[in-house]
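Reader: I would like to learn how to read a few features in this entry. Can we go through them one by one?

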Amino acid sequence: MTTSQFQPGIMPGRLPAEDYCHAFADTAPPLTDHAARVAADRCYFCYDAPCTTACPSGIDVPLFIRQIATGQPEAAAVTILSQNIFGGLCARVCPTETLCEGACVREVAEGKPVEIGLLQRHATDRLQAAGVHPFSRAERTDFSIAVVGAGPAGLACAHRLAMKGHEVTLYDARLKPGGLNEYGIAAYKAPGGFAAKEVAWLLQIGGITLLENWALGRNGTLADLLEDHDAVFLGMGLAGVNALTIPGAEHATPATDFIAHLRQSEDLATLPIGRRVVVIGGGMTAVDAAVQAKLLGAETSTIVYRRSQPEMPASLHEQDHAQTHGVRIVPNATPVAIRKDEVGFEVEFARTATRDGTMTLLEDTLRLKADQVFTAIGQTLGPVPEGLTITGGKIAIDATGRTGLAKVWAGGDCASGGEDLTVTASAQGRDAAEDIHAFLMGA
Amino acid sequence: MANLSSEFIGIKSPNPFWLASAPPTDKEYNVRRAYEAGWGGVVWKTLGMDGPPVVNVSGPRYGAIYGPDRTLLGLNNIELITDRPLEVNLREIKTVKRDYPDRALVVSLMVPCDEESWKFILREVENTGADGVELNFGCPHGMAERGMGAAVGQVPEYIEMVTRWVKTHSRMPCIVKLTPNITDIRKPAEAAQRGGADAVSLINTINSITSVDLDLFAPEPTIDGMGTHGGYCGPAVKPIALNMVAEIARNAETRKLPISGIGGVTTWRDAAEFMALGASNVQVCTAVMTYGFRIVEEMIAGLSAFMDQKGFTATSELVGLAVPKVTDWQYLNLNYTTKAVIKQEDCIKCGRCHVVCEDTSHQAIAMAADRTVTVKDEECVACNLCVDVCPTGCISMQELPVGTLDPRTGRPVGTPLNWTEHPNNPSGSAAACAREPAE
């Protein structure tokens, strides 16, 4: 079935079938060997390197780049993965422009940082292509740990615990492991089922038993887990989403649902998309939804953000990406109502202004016609077990991932501290595993 | 635009940029292209005796070392002298000289160490109308084992003897090309002068193994699993060549001996440096083997602009200007004091100056939490390492005038004092007699 971009409503197959593959191809293609060598040669091997400091997982960037430059990309990958087992995915999804590359001294010198993200991908791709899992397990202990959530935090924690010789049971509410790597990020950032392959590669360490379709609260309690295991790590992410509280809010759907659906779609041509898509929000999820709507064949895709464009949580790089893919960004407009009309909806926005940090609504309004409205205005912590301290809407943890409850650690998006990024989740999972190990072995 | 025309031992050329005797000058085809590109002169690739031609390897004959981005820094070769028949080379030399009368054409020679062979080859070359000869006493591989090339160049007596034969049997200007594979470059230069050489050219290539194949465990370039040393050239050898040129230029015995400078010349600036240290002209090889003949355009434009800027009207005005500034260590002013100064606005905070000073030198550069680097004058011995490793060039050395307090020593900077005059010198004034500084 082929419809057209201009047909009103929400329809699948707006593009010729062969166009989907191209539209969702790798957004940042890998470096060739030659390009990698040239890129690696630009690294100055800084002292106490700012890129490493800027990396939430503390990857030794100058060392791994030097290893690429000296012809050992696989060794470079080990340097990366020892700090961050999701080095492969992070090379694709990290907002490097605000992390390592933003801190690169060549950004200061020439406005052109060393291409750290692409080099990291070059190294980790080589190792994965070789089918090598470079880590092995220490002598087995008798300890067993429950890890709740098979997203980046849980998997990083599980992998590090398995390396230490412990047995891990990994409980996940979904049908597939990977968390947001599998269900959340834009398809073109990690095409070819990369997230699933990475998880399969990670699990090669052994000692990790995965239990799918198991949700805390639904299939068992924290008390059950504590009874069966010596320690528990909570890494279940943010199960809820913020909803609009305006008339007609029911006409909008969470962008995260749209993205998850897209990520699991076998054939993108069967995925319905509106002719005119409006995404309310200003973060990475808003960009991922708006861009993918456009790639699916929406005629127009508009991000509407309530504050000014420089205040958008999405990085400049992400904003550029959206705009070069034909997404329109409308800043300073907040939704006040969604009304159904004959072909779709009309979303009414109030124009806003920000004075001294406070946002005020102006008299002016903006009306956008839409066939499909997505909300990307933040995710929220789902129900959590009793006894946990909640701070800023997240489970409070200390620097090593300990919660207020004995034998319970947490990390990733559900826990306090750091940005909601794969790299942060991976680092928190790793650090909690180290602390759990120290706790158990000291006990 | 300054006039670059050059006269070297009576040989005229429109500029002082010649191609060295090497693969680029082996054939009429290449030499014509070189002249068309603007090269002022060519030293034709070394001719040997008549008879069965030399045989080269048919596997790789070059090896290289690289800087970042595969920038070629050093090249090594195991190629021999020309492997084409003598009469073909002679015929081509004659034709080319006829067609390019304004360009220098010198013929490099290497024949066995007997007078008859030299007598023969000189007559042949004279008949071509070539401007002069260059004696290849430097080639370090292949020919040396046959008693030629470096085997002659490493024995001053042989150099003198062969040079004398050449001057006896020919009226052509004679340049003796020197091998750097010796301990004191002045000895072969003096020998060439005694033999009557009109000039020396240096350096020929340096014995080298550029790399090892770590799968075959064999030197590269590898020929059927084996390797041998080759001759090393290119930008990496320039500092060695500059020193040897300067040694001859400031040596009392040879200070009037004209020099053709060779060794890693790549840009006008390299050429100007060789000339400032006493070379009347320069010869180039690796640079054209890396980039092609067109680089001479930059060299011509660059040297002209430089001469205009300095007010020079002839290249001869530049030759030797730096020679009086080359001295022995013991005559350096030990009271001269500088301190590293960091231009903060150009610093990109890579921290390399800090870490190399901290790890390997004098702990004289502090790095703050915000990565700002500052020089500790009380520790800085002015070694220049920070200047050398800084990627942006934002560090320089600033002189402390005589009388100002040096925070490192706690004493004022003194008036000039060299080692021969220094109180710590156990041999005192004896050292001063060892060798007088060059004028």
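Author: Start with the loop between helix 2 (33–41) and helix 3 (50–54) of chain A, which holds A:Phe45. Keep in mind that the model is predicted.

Reader: What is the phi of A:Phe45?

Author: Phi is positive, about 55 degrees, and A:Phe45 is not a glycine. A:Phe45 is partly exposed, at a relative accessible area of 39%.

Reader: Where in chain B does B:Asp69 lie, and what is its phi?

Author: B:Asp69 sits in the loop between strand 5 (62–66) and strand 6 (72–77) of chain B. Its phi is near 60 degrees, again a positive value in a residue other than glycine. B:Asp69 counts as partly exposed, with 43% relative accessibility.

Reader: Next, the peptide bonds. What is omega for the bond from B:Leu202 to B:Ile203?

Author: Omega is near 10 degrees, and the bond is cis. B:Ile203 belongs to the loop between strand 10 (199–202) and strand 11 (206–208) of chain B. A cis bond also joins B:Glu220 to B:Pro221, with omega about 0 degrees. B:Pro221 is placed in the loop between strand 13 and strand 14 (230–233) of chain B.

Reader: Now helices. How do I read a pattern of buried residues along one?

Author: Begin with the general idea. An α-helix has 3.6 residues a turn, so residues three or four places apart point the same way. Then list the buried positions. In helix 12 (residues 194–203) of chain A they are A:Phe194, A:Ala195, A:Glu198, A:Val199, A:Trp201 and A:Leu202. Viewed down the axis of helix 12 of chain A, these buried residues fall within an arc of 160 degrees, so they line one face of the helix.

Reader: What covers the buried residues of helix 12 of chain A?

Author: The cover includes helix 5 (73–83), helix 6 (87–93), helix 9, helix 10 (152–163), helix 11 (180–183) and helix 14 (255–264) of chain A.

Reader: Where is A:Met312 found, and is it buried or exposed?

Author: A:Met312 is in the loop between strand 10 (300–304) and helix 16 (316–324) of chain A. Its relative accessible area is 5%, so A:Met312 is buried. Beyond its neighbours within four places in sequence, A:Met312 contacts A:Gly282, A:Ile303, A:Tyr305, A:Gln319 and A:Ile329.

Reader: Which residues does A:Arg339 pair with?

Author: Its partners include A:Glu346, at 3.7 Å from N to O. Another is A:Glu348, where the closest N and O atoms are 2.3 Å apart. A:Glu348 is buried, with a relative accessible area of 13%. Shared partners join A:Arg339, A:Asp341, A:Glu346, A:Glu348, A:Arg367 and A:Lys369 into one salt-bridge network.

Reader: Which residues form the nonpolar patch on the surface of chain B?

Author: B:Ile209, B:Val212, B:Leu214 and B:Phe217 form it, with about 460 Å² of accessible area together. B:Phe217 lies in the loop between strand 12 (211–213) and strand 13 (218–220) of chain B. B:Phe217 counts as exposed, at 64% relative accessibility.

Reader: Last, the domains. How is chain A divided?

Author: The assignment gives domain 1 (33–129), domain 2 (144–239 + 381–442) and domain 3 (241–376). The C-alpha centres of domain 1 and domain 3 of chain A are 33 Å apart. Chain B has domain 1 (6–325) and domain 2 (329–422), with C-alpha centres 40 Å apart.

Note on methods: Residues numbered from 1 in each chain as written. Chains lettered and ligands numbered in written order. Predicted model: local features only at pLDDT ≥ 70, side-chain atom pairs only at ≥ 80, totals over all residues. Heavy atoms only, no water. Domains from an automatic or database assignment. Patch = residues over 30% accessible without salt bridge, like charges linked within 9 Å, V, L, I, M, F, W, Y side chains within 5 Å. Areas by Shrake-Rupley, 256 points an atom, 1.4 Å probe, with all protein chains shown as cover. Salt bridge = Lys/Arg side-chain N within 4 Å of Asp/Glu carboxyl O. Helix = DSSP H or I, 4+ residues; strand = E, 2+ residues; numbered from the N terminus. Buried < 20%, exposed > 50% of the residue type's maximum accessible area, 1.4 Å probe, protein only. Arc of directions from axis to C-beta. Contact = heavy atoms within 4.5 Å.
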